[in-house]
Structures are given as C-alpha cells and as structure tokens.
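Here is a short briefing for a reader who is meeting this structure for the first time. Please look over the sequence and the model, then take the points below topic by topic.

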Amino acid sequence: MFDALAEKVQSAIEKIGRKGRIDEETLEKGLREIKLALLEADVNYRVVSNFIKDIKEKALGAKVIKGVNPAQQLVKIVHDELVQTLGGEAEKLNLKGKPSVILLIGLQGSGKTTTAAKLANYLKKQGKRVLLTSVDVYRPAAMLQLKKLGDQIGIPVFLEEKEKDAVKIAKDALLKAKDESYDVLVVDTAGRLHIDEELLEEARKIKEEVVPDETLFVIDSMTGQESVNIAKAFDERVGMTGIVLTKMDSDARGGVALSVKGVTGKPIKFAGVGEKIDDFEPFYPDRVASRILGMGDIVSLVEKAQEVIDEKEALSMQEKLLSGEFTLEDFRQQLRMIQRLGPLQQIIRMIPGLSSQKMLKQLEKAIDDKKLKRIEAIINSMTPEERRNHAIINASRKRRIAKGSGTSVKEVDALIKQFVQAKMAMKQMKKMQRKMAKKGGRF
Ligand code: GDP
C-alpha cells in the first residue's frame with residue numbers, strides 16, 4: 001500500500017529540496033505535485049485541500065533552522081501533517097465494562113468476520129478471556145466461518161443458528177459472557193453489499209441492547225471514497241468509536257486510510273495486514289507517515305522481532321557468531337528466526353534509510369523468500385555431521401545434497417562459499433574488537 005503515493009511524494013520533496021532555499025514558487029510547484037499524487041491515490045478532496053493548505057502555511061512560516069537543510073525541514077512538516085491526517089496520536093481500545101463489549105459493523109466483504117477473530121486473538125494474547133459471537137442471521141455461512149476461526153484460535157464462539165432475531169442473539173451472548181465472567185465479548189454483525197435502512201436499524205438496535213465499549217467500523221482499504229462515505233453514514237446513524245482498516249497489505253492506493261479520519265472524525269485503531277490471524281496490528285499514524293515518506297519504521301520492526309524472536313535464542317546465536325563456533329546448523333536456525341519475522345519484502349520496507357523507492361525496488365528484486373527456502377532445503381538435506389563440519393562436504397556429498405534438496409550442485413557450492421565468507425568476516429570483526437579493546441577504545 002502507498003507505493004505509488006510514496007514514490008510521487010518523495011520525488012516532489014526531492015525536487016523542492018534540490019534548491020538551496022525554498023521560495024514560494026518552488027514550494028507551490030512541489031505542493032501541486034503532492035496534491036495531484038494524493039488525488040490520484042483517491043484521497044478525499046477536502047482532506048487534500050486542508051493538507052496542502054496547512055503545509056504551505058507551515059513551510060512558509062517556518063524559520064530556517066541552522067544545520068537543517070530546507071528539504072529536511074519540509075520532510076518534517078509533511079510528516080507531521082501526514083500524522084495528523086492519519087489520526088494524530090495512536091488511539092488505544094477503551095475497554096471499561098465487565099465484560100467489555102466490542103461491536104463490529106461494516107459492509108459485507110470488508111473483512112469483518114476475519115477481523116472479529118483477529119481482534120479476539122489479539123486480546124487473548126494480552127491475557128483476556130474472550131467470547132465471540134456472530135449475529136448474522138441472514139448468512140448461516142458467516143456464523144460457520146466465525147465458528148471455524150474461533151476453533152482455530154481456541155476462542156469459544158456463541159451461536160444461535162436457528163434464531164432469526166439478531167438483537168436476541170446479541171442479548172443472549174452478553175448474558176453468557178456475564179454469567180461466565182468473560183473479560184470481552186466481540187460481536188460480529190451482518191453486512192450487506194450496500195448500505196440499507198434495515199441493516200442500519202438492526203445495528204442501532206444491537207448497539208442499544210449491548211451498550212458496547214467500542215463500536216468499530218471495519219473498512220476495506222481497497223474500496224474507494226464511496227466506502228468512506230458509507231462509514232460516515234454509519235457513524236451518523238449508528239455511531240462508532242473507531243475504525244479498523246483491513247487489507248493494508250494489498251496494493252491499495254491509500255485513499256481510504258488517508259481520508260477516513262478526516263471525513264468521519266473517528267480514529268483508525270487497528271489495521272489488518274494479511275489474511276492470517278496474526279496479520280493484525282494497532283494503527284500508528286506516525287509509523288505509517290514515516291513509511292510513506294520512505295523513512296522506514298524501525299519501531300515496528302523491533303516490536304515484531306521482540307514478539308517472534310526469543311531473546312535468549314538471539315543472544316546465544318550472537319555468542320556463537322563471535323566465538324567462531326558458528327556452524328551450518330546455527331545458520332539454519334538463524335534463517336528460521338528471520339523467516340519468523342514475516343515475508344522479507346515486508347521487512348525491508350520497515351528499514352530506515354532505504355529512502356528511495358528505486359533502491360527499495362532493487363532490493364525487493366534481489367531478496368526473496370523462495371531463495372531462503374531453497375537455502376534451508378539445502379541445509380536440511382545435509383547430515384548432522386555435515387552441518388557441524390562443512391569441510392567434509394566433498395563432491396559426491398554435494399551431489400547427494402543437491403538431489404535431496406531439489407537444487408543444483410552449483411547452488412550447494414554457492415551456499416558453502418557464502419557461509420565460509422561470512423565466518424571469515426566474523427573472525428575479522430572479532431579481531432578488530434580485540435584490537436580496539438586493547439587500545440581502550442570501544443567497538
Ligand atoms: P466479511 O464479509 O466482512 O465478514 O469479510 P471476511 O472476513 O469474510 O473477509 C473477506 C475476505 O477478505 C476474506 O477472503 C479474507 O481472508 C480477506 N481479508 C480480510 N482481512 C484481510 C486483510 O487484512 N488482508 C488481506 N489480504 N485479506 C483480508
């Protein structure tokens with residue numbers, strides 16, 4: 001998401017920044033480009049106008065700070081404005097009730113049912129006891145879908161499949177959640193392909209019945225301004241406290257993300273970033289703004305690493321690396337650790353410093369998950385002895401390994417060569433560290 005927009009905004013800023021000083025004319029020209037980029041990304045017109053107006057005021061009013069070049073200063077101004085447009089400070093869930101109730105509303109296909117399961121799982125990971133329910137009395141398949149997801153993540157799903165009254169199911173689910181002391185009840189409601197009176201009325205009645213702590217509107221980032229207007233209609237008629245933006249992993253242009261807060265006044269609280277249950281995260285406007293401007297998102301990267309990589313495991317790996325005892329066995333373990341972070345393509349986007357889109361594209365081409373899988377397959381095909389001591393891998397062993405892993409001898413060779421080089425590089429590093437230590441310096 002945001003690829004095309006990021007490319008154009010970054011190029012506009014670069015052009016403005018090439019001049020030593022930002023005069024009004026240069027700024028006007030650059031802002032016109034940014035405006036076009038935002039409109040092409042399908043951002044709401046009013047939101048775009050305010051965005052440009054604010055930047056212009058701030059940029060022209062800004063004092064030139066010594067030591068900061070005008071382009072950097074402009075990046076900061078655009079960054080701050082993007083953060084504001086995306087919602088400002090990240091907003092957390094506001095759960096007070098016992099049980100707390102979260103009502104999910106939105107159109108069919110927006111990703112509501114998936115979001116219900118993702119959200120329930122997210123809360124479960126925080127130690128909460130969660131009950132799920134679906135009150136979609138029109139599509140039995142929707143109830144079954146939630147049940148299936150609930151089973152997958154070990155979260156109970158309350159259903160009344162024969163009941164035709166959605167409000168009644170919601171009421172019964174709440175009673176159960178109270179009786180059995182659940183911390184949170186997540187209610188998935190029916191969606192339609194288009195907004196209709198009956199649907200709005202039903203959602204309103206359910207809301208009246210369960211008095212939710214949070215009513216979250218689920219919106220698909222692939223859809224355009226029409227669905228942002230629908231969000232507004234839902235807010236006016238049903239009321240909502242926040243938004244869940246789904247499919248942020250898709251190649252959507254970004255218009256929904258950048259418009260929905262401005263149009264509805266409600267914050268985006270979560271983002272769906274893939275089809276899997278764990279592909280779900282709190283929405284941080286500042287991190288998203290940084291990504292749009294090619295500033296990377298090191299905070300998310302570190303958080304992700306903390307979540308999936310065990311600190312002890314990482315430390316023991318580091319010790320091995322530096323002690324020179326690093327074997328292909330360890331190398332495989334390291335590969336697995338990296339893969340746990342998610343698709344490499346997504347990871348490199350979070351690395352700051354890869355500011356130009358061109359560089360990013362080149363890297364994306366060079367790095368691919370399939371290569372990692374092939375390397376792992378090669379190491380898997382080795383015997384434990386070979387993994388511990390690569391020196392014994394002779395030509396006939398190489399042929400066997402290539403055959404076993406469905407790769408070629410050339411690939412096996414390349415891997416061993418790379419491994420040896422990496423080991424040597426580490427030795428060098430260790431030596432340098434020692435030298436520095438002797439000199440009393442720090443590495
Ligand atoms: P509902 O009709 O609103 O309940 O929508 P569903 O939960 O059934 O989702 C519709 C489709 O969108 C399904 O194929 C989901 O797997 C997919 N989906 C939901 N959230 C995401 C997301 O964040 N990323 C991607 N790529 N797909 C998603």
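H5 and helix H6 (residues 140-153) pack at about 25 degrees, so the two are roughly parallel to each other. The model is predicted. The points below start with the whole chain and then go into its parts.

**The chain as a whole**

- The chain has 443 residues, and 36% of them count as buried.
- It holds 20 helices and 8 strands.
- Take the contacts in the chain with a separation of 6 or more: residues 24 or more positions apart account for 74% of them.

**Around the ligand**

- The shell around the ligand has 17 residues, and Gly111, Lys112, Thr113, Thr114 and Gly272 come nearest.
- Helix H5 (residues 112-125) gives the largest share of this shell, with 3 residues.
- By class, the shell divides into 11 polar, 5 charged and 1 nonpolar.

**Helices H5 and H6**

- The axes of H5 and H6 lie 9 Å apart.
- Their crossing is right-handed.
- On the H5 side, the contact is made by Thr113, Ala116, Ala117 and Asn121.
- On the H6 side, Ala142, Gln145, Leu146, Leu149, Gly150 and Ile153 take part.
- The contact of H5 with H6 has 6 nonpolar and 4 polar residues, and no charged ones.

**Helices H14 and H17**

- Helix H14 (residues 328-340) and helix H17 (residues 369-380) have axes that come within 10 Å and cross at roughly 150 degrees.
- An angle over 145 degrees counts as roughly antiparallel, so H14 is roughly antiparallel to H17.
- The crossing in which H14 passes H17 is left-handed.
- H14 brings Leu328, Phe331, Arg332, Leu335 and Gln339 to the contact.
- H17 brings Leu372, Ile375, Glu376 and Ile379.
- By class, the contact of H14 with H17 has 6 nonpolar, 2 charged and 1 polar residues.

**Helix H10**

- Helix H10 (residues 255-264) is mostly covered, with 8 of its 10 residues buried.
- The buried residues of H10 are Gly255, Val256, Ala257, Leu258, Ser259, Val260, Lys261 and Thr264.
- Glycine 265 follows H10, and its phi is positive, near 80 degrees.

**Backbone details**

- The peptide bond from lysine 98 to proline 99 is cis, with omega near -5 degrees.
- Proline 99 sits in the loop between helix H4 (70-86) and strand E1 (100-106).
- Phenylalanine 2 is a residue other than glycine with a positive phi, near 70 degrees.
- Phenylalanine 2 belongs to the segment before helix H1 (3-18).
- A residue is buried if 20 or more other C-beta atoms lie within 10 Å of its own. Phenylalanine 2 has 22 of them, so phenylalanine 2 is buried.
- Aspartate 42 is a residue other than glycine with a positive phi, near 70 degrees.
- Aspartate 42 lies in the loop between helix H2 (24-40) and helix H3 (45-61).
- Aspartate 42 counts as partly exposed, because 18 C-beta neighbours lie inside 10 Å.

**Serine 227**

- Serine 227 is part of helix H9 (residues 225-237).
- Serine 227 has 22 other C-beta atoms within 10 Å, so serine 227 is buried.
- Leaving aside neighbours within four places in sequence, serine 227 is in contact with Leu107, Ile219, Asp220 and Val256. One of these, Val256, is a buried residue of H10.
- Serine 227 and glutamate 161 are 66 residues apart along the chain, and their C-alpha atoms are separated by 30 Å.

**Glycine 324**

- Glycine 324 is found in the loop between helix H13 (311-323) and H14.
- Leaving aside neighbours within four places in sequence, glycine 324 is in contact with Met426, Lys427 and Lys430.
- Glycine 324 and arginine 237 are 87 residues apart in sequence and 66 Å apart in space, C-alpha to C-alpha.

Definitions and conventions:
Residues are numbered from 1 along each chain as its sequence is written. This is a predicted model: local features need pLDDT of at least 70, side-chain atom pairs count only at pLDDT 80 or more; totals for chains, interfaces and linings use all residues. Axes are lines fitted to C-alpha atoms, for helices over the stretch in contact, and angles run from 0 to 180 degrees between N-to-C directions. Helices (H or I, at least four residues) and strands (E, at least two) are DSSP runs, numbered from the N terminus. Angles under 35 degrees count as roughly parallel, over 145 as roughly antiparallel, 65 to 115 as roughly perpendicular and the rest as oblique. A crossing is left-handed if the near helix is turned anticlockwise from the far one by less than a right angle, and right-handed if clockwise. Two residues are in contact if their C-beta atoms, placed from the backbone, lie within 7 Å. Ala, Val, Leu, Ile, Met, Phe, Trp, Tyr, Cys and Pro count as nonpolar, Asp, Glu, Lys and Arg as charged, and the others, Gly among them, as polar. A residue is near a molecule or strand if its C-beta atom, placed from the backbone, lies within 6 Å of it. A residue is buried if 20 or more other C-beta atoms lie within 10 Å of its own, exposed if 12 or fewer, and partly exposed in between; C-beta atoms are placed from the backbone.
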